[in-house]
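Dear colleague,

I am passing on the structure we spoke about, and my notes on its helix packing and salt bridges follow below it. Please read them with the model open beside you.

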Amino acid sequence: MKGLYEKSELSFALVWIVTYCALQSLANPLNKMIGTQYSVSAVFCILQSIVMVGFLKRNGLFKQYGLCKSVVPAAKFLYYIPLFILATGNLWNGAVLKHSPADTACRIACMLCVGFLEEVIFRGFLFKALAKENVRTAILVSSVTFGLGHILNLINGSGTEFADNLWQVIVAIAIGLLFVLLFYFGGSLIPCILTHSAINVLSTFAKETGLTVEKGIALHLIMLAVIGIYSLILIKTFPGNPD
């Protein structure tokens, strides 16, 4: 793994993306065979997280990929208040315990790891590799790639409806843009990892009863507005960046 990294950071990032997507796609039918939602997904994610942390630690890459404190005061980022708003998005229609204890535990374990893995892979490995050539291109590609990756939910047996998946892709691209800006300006992925994990975990308790199409669209538009406004504020706060 170190050899591939030293040879080409972009190839290294792409291998991680392909491996992550393949394992998650493979996990879905296995979850159904076992009968516990996200059971195999959680195992795969935990193992990948352990491998990733081990690699980063052995090679002294924690700071390189944002696993450190931000170099910028929190006030510059509005104390991350918009991130708290986004993190609660899945509970805007209410919260409910809708899964068995085993399913809930597996979902939470998986979602926590997904937040970590996806941030380091897309905002860390992929963005950093591409940013060596052009930062703006790196921001765009890492955001769009992250969003389009959610299309896999249509074909990997997760049961996601087309309309829901379309919104997932749109919101994921927007969130990807915001997160990569936070990382680029602040040098830390910690706020992104925490927010991403919170969004994922709280989806476990999202209330779907009474969520009409119109209400769902309205909630998504509110989330996109928060992301858009916060992103513009960050760009204006840090003049001249990204170059």
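A residue is called buried when its relative accessible area is under 20%, exposed when it is over 50%, and partly exposed in between, with a 1.4 Å probe and protein chains only. This is a predicted model, in which local features need pLDDT of at least 70 and side-chain atom pairs count only at pLDDT 80 or more, while totals for chains, interfaces and linings use all residues. Residues are numbered from 1 along each chain as its sequence is written, and side-chain values use heavy atoms, with hydrogens and water left out.

Salt bridges

The structure holds three salt bridges, each being a side-chain nitrogen of Lys or Arg within 4 Å of a carboxyl oxygen of Asp or Glu.

One of them joins Lys98 to Glu208, with 3.3 Å between the closest N and O atoms. Because Lys98 lies in the loop between α4 (81-87) and α5 and Glu208 in the loop between α8 and α9 (213-237), the pair ties together parts that are 110 residues apart in sequence. Lys98 is partly exposed at 33% relative accessibility, whereas Glu208, at 58%, is exposed. Helices here are DSSP runs (H or I, at least four residues), numbered from the N terminus.

Lys132 pairs with Glu9, their closest N and O atoms being 2.6 Å apart. This pair also links distant parts of the chain, 123 residues apart, since Lys132 is in the loop between α5 and α6 (135-148) and Glu9 is in helix α2 (residues 9-34). Lys132 is exposed, at 57% relative accessible area, but Glu9 is buried at 16%.

The remaining salt bridge that I would point out is between Arg123 and Glu119, again with the closest N and O atoms 2.6 Å apart. These residues are four apart in helix α5, and therefore about one helical turn separates them. Arg123 is buried at 0% relative accessibility, and Glu119 is likewise buried at 0%.

Helix packing

Helix α5 (residues 101-131) packs with helix α8 (residues 190-202) at an angle of about 140°, their axes lying 8 Å apart. The axes are lines fitted to C-alpha atoms over the stretch in contact, and angles run from 0 to 180 degrees between N-to-C directions. The contact (heavy atoms within 4.5 Å) involves residues of α5 including Phe116, Glu119 and Arg123, and residues of α8 including Ile193 and His196.

Terms used: Helix = DSSP H or I, 4+ residues; strand = E, 2+ residues; numbered from the N terminus.
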